[in-house]
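My notes follow the model.

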Amino acid sequence: YKKPQVVLVDGLLVMPGTLRHWEKIKSFQARPDDIFIASYPKSGLMWTTQVMNMIKLHGDVEAYKVDKTLIPFLEFCRPDEEPAVEKINNLPSPRVINIHAPISHISKSILENKCKVICILRNPKDVAVSFYHFHTFNNMLPNPGTWSEFLQNFMIGKVGFNSWFDHVKGWWSLREQPNIFFLFYEEMKKDLGYEAGRLASFLGHDLSPEAIKNLVKQLSFNAMKANMDEKFSNLSSPAGFTFKQFLRKGQVGDWKNHFTVAQNEVMDQLITDQLQGTSLDFCYEL
Ligand code: A3P
């Protein structure tokens, strides 16, 4: 299987399948009761998806099975399948939809309709590391080159879905709107029960303390890793990786095992410059 290259469409770097169906993705129409989960790649989307599903089930499933097919990803197109957007267009309401594009490239209807949006944020150092590894074992992503080459591209936004900085600054600028909700990966690591409870109330659900306890038990990194199938079911070919690979480390601070002192200094400076005046602050170790 030949690894693809990212391609540019309307100034956004995407995978070739996404480019092929870009017109359909661009003209996607949100419905007012749609719920979106917005994230830059590798910020904890799969985890949040499982939390959402547990909330829907009121958290009271004793032996929860991780379900990776639950929530469709708007910009995703498997080479040999119809684009996700086509399936999404035909789903009954209320729909839950994942999006990776920055606010500059999302359908205007999402904000115009005041849809609920759950934004997941994770510190950029761990995102860079996670994204790098994801490129190494996911056949549907380009060859990342060396860590140092990848990090360079990540810092200048020459990776799929462009710059992490533009992505988070875009969503963060909308934080005063009551329909936009933020979840930080690091906060979920610190206290998943608390964050799940906050998310549940945003969605209009109430979780009992027992339900939260059960959710926390089922959705810890180790429990999720133990309870899923070996194959990444519908993605197994041609993506060619397993769930065990996907759930790689699940930690805050793995960046310390990858960044050199010099790389870390450059990154710190970039973070300072880019996030200045935004009130955005990330946690880099627990
Ligand atoms: P790592 O590569 O650092 O391990 P996404 O779903 O947005 O692609 O994000 C994937 C990242 O979330 C991976 O990070 C993965 O391990 C982590 N992750 C998934 N489930 C998790 C869980 N239950 N607890 C902690 N991290 C989790």
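Which residues are closest to the ligand, and how many surround it? I found 19 residues around the ligand, with Leu-45, Ser-130, Tyr-185, Lys-249 and Gly-250 the closest. To count as near, a residue needs a heavy atom within 4 Å of the molecule.

I noted the ground rules next. The model is predicted, so local features need pLDDT of at least 70 and side-chain atom pairs pLDDT 80 or more, while totals for chains, interfaces and linings use all residues. Residues are numbered from 1 along each chain as its sequence is written, and side-chain values use heavy atoms, without hydrogens and water.

I then checked polar contacts (N or O pairs within 3.5 Å). A ligand oxygen is 2.9 Å from a polar backbone atom of Gly-44. For Ser-43, again a polar backbone atom, I read 3.1 Å. The side chain of Arg-122 places an N or O atom 3.0 Å from a ligand oxygen. The protein covers 97% of the ligand's own 570 Å² of accessible area (Shrake-Rupley, 1.4 Å probe).

I sorted the shell by helix (DSSP runs of H or I, at least four residues). H3 (45-56), H9 (185-190) and H12 (221-227) each supply at least two residues. H3 has the largest share, three residues. By class, I logged nine nonpolar, five polar and five charged residues; Gly counts as polar and Tyr as nonpolar.

How values were computed: Polar contact = N/O pair within 3.5 Å; in protein donor to acceptor, adjacent residues only side chain to side chain.
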